[in-house]
Amino acid sequence: MSTPISFSSKSDPRDLRFVVIGAGMAGVLTGIRLREAAHEDWVIYEKGDRVGGTWRENTYPGLTCDVPSHIYCYSFEPNPGWSRRFSPGAEIREYFEGVSRKCGVLPRIQFNEEVTRLEFADGRWRIELKSGRRDEADVVIAATGVLHHPRYPDIEGLDSFEGARFHSSRWDHSVPLDDRRVGVIGTGSTAVQITGALVPRVAKFSLFQRTAQWIAPQENPAYSEEEKAELRRDPEALRNLHESLALDFHERFSNGLIDANSPQMKALEEICRNHLETAVRDPVLRERLRPTYRAACKRLIISGEFYPAIQQPNAELVTEPIERIEPGGVRTRDGRLHELDVLVLATGFRVDRFLRPIEVIGREGITLEQAWAERPNAYLSISIPRFPNLFMLNGPNGPVGNFSLITIAEMQLHYILQLVAEIRAGRAREISASESAMARFSTEFDAAAKNTIWASGCRSWYLDSRGVPAVWPFTYQRFADEMAKPKLDAYELRP
Ligand code: NAP
């Protein structure tokens, strides 16, 4: 899938400088691949103080990845030591840090360096950082992530709350939780994981649900020492495990998502319905937890802990709408005050930001704000017309809801480095998607998006400002085929 692009450095006509933005999963991967491709001149700027991206920022209790660990890792760096089928967040962060060290990327990361401005001038990118530093690059690779700008709810009185209050991705670990009254707003994947972890610890747990969620069951067994030792001894078994999980995930699950009427979606709905029927005893609570839309229309939630937790005597599901927040807690529309010591906003992320708030200025002065005035858009999620030599990993229109983000980034980088090879070989100095290719892609994308499960009628972060799912609406194979080799006629190549 992602054979490194190799060059004989002596015959390379151009030595290129690369700036990579972000040292999360995709940025570290970029560093690894740039090294493999014998690129010498590159740096990764990271605004945080350590590697890990979303796994650095999110530290909430109960944080795990609901993608199986043996596919939630680089294909070239399988990990026989995963503790569980779905491993905790801290372990995943340590994995990325370990790989970045092992593969020689860590020394190339400049931490606490936030890129604030990119301007394309005279065939190069001029880069400004918050620290006042300046840099230049021939190629910028944005590995800036998708889910990292917290979305704060617009609820009256939010600032008046006198207890501790924070967004789920900015967890304040100095705040005691044990035996206290904790409220969580939201019922996304984050809130569901927090619920499972906090109910056993706190005196009173209140979950403020605006929309009920379908929840697929999940078992999360630990790998025994013998199993881990066996995987260490047998690299082929480890590879096979990765491949069989990937096949299952991508071919069966992902390809079902793009057709709302697919047998996979019907089967999934049945699984979620059975889970609700069998795991929630109280018929009244069961109905309050029952969604009114199709399973997987919103990002599917996978949890074996949520239903048991929300049925505990110290847990309460609040479905009455929130009226306002007061110094003592949350007032619901029925006039009741839910008194709280801690209020967690598990209210999700501003997913339309991508590179922003970085100010990006492309060819002839066009700004990213102008290019994306209607909505973020990118050809194959990688390149934006008139922003040459700027490539995104997990940019707009990508398969964020379908495949493992790591698999996606590996494929995208393989593709990007082939475009870079054109520049390095001197066949072009500037490459960006052509306007016509972008328009063709958008038309086809929008038509296909209508058939997906995400368009079947729900509110979700997958929908763009027009209400169209901004998620790759084609098959896994199509993505793999597109990423295998760039079609250069979709690009504007300038000498
Ligand atoms: P989310 O899925 O966007 O959920 C946000 C929740 O907050 C929703 O329940 C939403 O209600 C609610 N909400 C927002 N504003 C509100 C308001 N003003 N009043 C009341 N409720 C409000 O966010 P998330 O749970 O942080 O998850 C985001 C994404 O992160 C996931 O979809 C997933 O892709 C990723 N994630 C992955 C994992 C993993 O294990 N791999 C774990 C956590 C997160 P509505 O539904 O009514 O809008």
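This is a predicted model: local features need pLDDT of at least 70, side-chain atom pairs count only at pLDDT 80 or more; totals for chains, interfaces and linings use all residues.
## Helix 1 and helix 11

Helix 1 covers residues 25-36, and helix 11 covers residues 405-424. The two pack with their axes 10 Å apart, at an angle of about 40°. Helix 1 is therefore oblique to helix 11, an angle of 65 to 115 degrees being needed for a roughly perpendicular pair. The crossing of helix 1 over helix 11 is right-handed.

On the side of helix 1, the contact is formed by Met25, Ala26, Leu29, Thr30, Arg33 and Leu34. These residues meet Leu405, Ile406, Ala409, Glu410, Leu413 and Leu417 of helix 11. Sorted by class, the contact of helix 1 with helix 11 comprises nine nonpolar residues, one polar residue and two charged residues.

## Helix 5 and helix 6

Helix 5 spans residues 225-233, and helix 6 spans residues 235-257. The axes of helix 5 and helix 6 come within 5 Å and cross at roughly 105°. Helix 5 is therefore roughly perpendicular to helix 6.

Helix 5 contributes Leu231, Arg232 and Arg233 to this contact, where they meet Pro235, Ala237, Leu238 and Leu241 in helix 6. Five residues of the contact are nonpolar and two are charged, with no polar residue.

## Helix 6 and helix 7

Helix 6 also packs with helix 7, which runs over residues 263-279. Here the axes come within 7 Å and cross at roughly 95°, so helix 6 and helix 7 are roughly perpendicular to each other.

In helix 6, the residues in contact are Glu251, Arg252, Phe253, Asn255, Gly256 and Leu257. Their partners in helix 7 are Gln264, Met265 and Leu268. By class, this contact of helix 6 with helix 7 holds four nonpolar, three polar and two charged residues.

## Ligand surroundings

The ligand is surrounded by 24 residues. The closest of them are Thr187, Thr190, Thr211, Lys298 and Trp461.

For threonine 187, a backbone N or O atom lies 2.8 Å from a ligand oxygen atom.

## Backbone features in loops

Most peptide bonds are trans, and most residues other than glycine have a negative phi.

The peptide bond joining arginine 356 and proline 357 is cis, with omega about 15°. Proline 357 belongs to the loop between strand 17 (342-345) and strand 18 (359-361). Asparagine 112, a residue other than glycine, has a positive phi near 55°. Asparagine 112 is found in the loop that runs between strand 3 (109-110) and strand 4 (115-121).

Note on methods. Residues are numbered from 1 along each chain as its sequence is written. Side-chain values use heavy atoms; hydrogens and water are left out. Axes are lines fitted to C-alpha atoms, for helices over the stretch in contact, and angles run from 0 to 180 degrees between N-to-C directions. Helices (H or I, at least four residues) and strands (E, at least two) are DSSP runs, numbered from the N terminus. Angles under 35 degrees count as roughly parallel, over 145 as roughly antiparallel, 65 to 115 as roughly perpendicular and the rest as oblique. A crossing is left-handed if the near helix is turned anticlockwise from the far one by less than a right angle, and right-handed if clockwise. Contact means heavy atoms within 4.5 Å. Ala, Val, Leu, Ile, Met, Phe, Trp, Tyr, Cys and Pro count as nonpolar, Asp, Glu, Lys and Arg as charged, and the others, Gly among them, as polar. A residue is near a molecule or strand if one of its heavy atoms lies within 4 Å of it. A polar contact is a pair of N or O atoms within 3.5 Å; within protein, one must be able to donate a hydrogen and the other to accept it, and residues adjacent in sequence count only if both atoms are side-chain atoms.
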